[in-house]
Amino acid sequence: MKQIRTDIIPVRQEFVYKSGDADLDWEAICFFVAVGFFPGTDTYYKYRQVLPPGSESIITKNGYVHESNPWFQWYYKPRDISFSRALEEFTQLFESIVEEQSKGMKVILPLSGGLDSRTQAVALKRLNATVHAYSYSFKGGYPEHKISAKIAKASKFPFTAMTIPSGYLWNEIDNLAKMNQCYADFTHPRQLAVIDELKSLGNVFSLGHWGDVLFDNENLPPMSHDEQVHLLIKKIIKKGGAELAEAIWKAKELNGSFAQFLEAKVSAMLATIRIEEPNARIRAFKSKYWAPRWTSVNLSVFESVNPVKLPYYDARMCNFICTIPEAYLADRKLQKEYIKRKAPQLARITWQESKPFNLYNAHLNREPYNLPYRAVHKLKRELNGVFGKKFVQRNWELQFLGGQQQTQLKTYLNSVEMRDFIPSEITQQILTNFNEKDSVYWSHPLSMLLTLAVFAKKFRV
């Protein structure tokens, strides 16, 4: 027997066994293709599971769960404190966590134009940490690295700009499958394209994942449990995901409909979170289910070359969030004020979410103030179209579009293993919809079919 204690937000999945047949869990697989992550502790197989987050489990020598109990439950107990006091506490906590994670290390800091990594940059600069920052942009896309370069320059960090090329996935897909074991799709971890270059920049990654969820809210009014379930389904379901899931559901002759199953499953998952305040409850749902089963899965790409540290995953940060009034979390108030007070020069740099505005004037990102920027941006896109240049906004555009990419894609989708796994008519219909109808809408189901194809070839028992 051995005991395993999982973190509140685990960095990696702990696979164990439970009693039952070694059959594929098609209900879980349908959930997976619809939303992009597996629900709860489910996996591809009925007899296999992952340990739940925030739990202590006793595992037998054969790898079976003997007993599992939670040591942490998400809660909401806001304290009666001022915003200034909350900001002071956040500053002390965040910087102490970052210091612990970076002391004596050469930190590799992925920078974006957003707030999470910018907040890390502030802390690392104030702590005089050794940092090498980097950023990447899509070939033919928005030059995101230009904002990141300004943040790095203001922080006096060495900086490397990288470009994500088209078609890199096909040379790396086997390696990625080994890393994430097909528990997440292959088009989101764009760092895979430059991972060898990243290895030489330092010896630990400081990653800002999940800060945008913890330090914001949905601005929700009071809502019933059922209303929250419907809201969550709208948030987690991907374009085209329900259609693919329903098609597989019918092909496998499962009882009822996928829509009924999805609602019941989400309701049961949400019921485990005993919080009345809807904003805090939705945040807890995302942190309990979405973060460990989707966000964390592709952290394995970073871990393949260097250890990862995530200040927002820290248990102290999770507990801190549970005690902060929602009003202080709304609109990223704590992060923005921290940056403005501790590094005003970084606050004056464009905030990508509100470009061309920064943290001081982001409130102007509305009509009529943002009309000039929107007009110029639209004109650039139209001119690119005139000259045959497609403006790339998503990684799948670089991996799925074009003759060479389509050939590679079809090789996987039409494999013998895939045809035995998913009916060919489903696969061909999704591919046709992607190529002839709406590539944006059908990109997610196509990506999930590729994931299933690789799973069928490499991991299916």
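Which residues of α1 are buried? They are Trp26, Ala28, Ile29, Cys30, Phe31, Phe32, Val33, Ala34 and Val35. The model is predicted.

**Helix α1**

- Helix α1 is mostly covered, with nine of its 10 residues buried.
- The cover over the buried residues of α1 includes α8 (225–236), α9 (241–251) and α10 (258–271). It also includes α20 (416–421) and α22 (439–458).
- Gly36 follows α1 and has a positive phi, near 100°.

**Aromatic pairs**

- A pair of aromatic rings is described by the distance of the centres and the angle of the planes.
- There are 36 aromatic pairs in the structure.
- One of them is the stacked pair of Tyr17 and Tyr47, with 5.4 Å from centre to centre and 15° between the planes. The pair counts as stacked because planes under 30 degrees apart meet that definition.
- This pair links distant parts of the chain, since its two residues are 30 residues apart. Tyr17 belongs to strand β2 (residues 15–17), and Tyr47 to the loop between α1 (26–35) and β3 (48–50).
- Tyr17 has 29% relative accessibility, so it counts as partly exposed. Tyr47 has a relative accessible area of 17%, so it is buried.
- Phe31 and Phe37 form an edge-to-face pair, because their ring planes stand at 70° and their centres are 5.9 Å apart.
- Both partners of that pair are buried: Phe31 has a relative accessible area of 0%, and Phe37 has 1%.

**Charges over rings**

- The ring of Trp71 has the charged end of Arg5 over it, 3.8 Å from the ring centre.
- The ring of Phe15 has the charged end of Arg48 over it, 4.1 Å from the ring centre.

**Crossing of α3 and α15**

- Two packed helices are described by the angle between their axes and the distance between the axes.
- Helix α3 (residues 116–126) and helix α15 (residues 333–342) have axes that come within 10 Å and cross at roughly 40°.
- This crossing of α3 and α15 is left-handed.
- From α3, the contact uses Asp116, Arg118, Thr119, Val122, Ala123 and Arg126. From α15, it uses Gln335, Tyr338, Ile339 and Lys342.
- By type, the residues in the contact of α3 with α15 are four nonpolar, two polar and four charged.

- Val392 is located in the loop between α17 (371–386) and α18 (395–400), and it is buried, with a relative accessible area of 8%.
- In sequence, Val392 and Lys139 are 253 residues apart, while in space their C-alpha atoms are 7.0 Å apart.

**Backbone features**

- Most residues other than glycine have a negative phi, and most peptide bonds are trans.
- Trp210 is not a glycine, yet its phi is positive, about 80°. Trp210 lies in the loop between β9 (204–206) and α7 (211–214), and at 7% relative accessibility it counts as buried.
- Asp331 is not a glycine either, and its phi is positive at about 60°. Asp331 lies in the loop between α14 (326–329) and α15, and it is partly exposed, with a relative accessible area of 47%.
- The peptide bond from Lys355 to Pro356 is cis, with omega near 15°. Pro356 is in the loop between α16 (344–347) and α17.
- The peptide bond joining Glu367 and Pro368 is cis, with omega about 5°. Pro368 is in the loop between α16 and α17.

Key. Residues are numbered from 1 along each chain as its sequence is written. This is a predicted model: local features need pLDDT of at least 70, side-chain atom pairs count only at pLDDT 80 or more; totals for chains, interfaces and linings use all residues. Side-chain values use heavy atoms; hydrogens and water are left out. Rings of Phe, Tyr and Trp (its six-membered ring) pair if their centres lie within 6.5 Å; planes under 30 degrees apart count as stacked, over 60 as edge-to-face and the rest as tilted. Helices (H or I, at least four residues) and strands (E, at least two) are DSSP runs, numbered from the N terminus. Buried means under 20% relative accessible area, exposed over 50%, partly exposed in between (1.4 Å probe, protein chains only). A charge sits over a ring if NZ of Lys or CZ of Arg is within 6 Å of the ring centre and within 35 degrees of the ring normal. Axes are lines fitted to C-alpha atoms, for helices over the stretch in contact, and angles run from 0 to 180 degrees between N-to-C directions. A crossing is left-handed if the near helix is turned anticlockwise from the far one by less than a right angle, and right-handed if clockwise. Contact means heavy atoms within 4.5 Å. Ala, Val, Leu, Ile, Met, Phe, Trp, Tyr, Cys and Pro count as nonpolar, Asp, Glu, Lys and Arg as charged, and the others, Gly among them, as polar.
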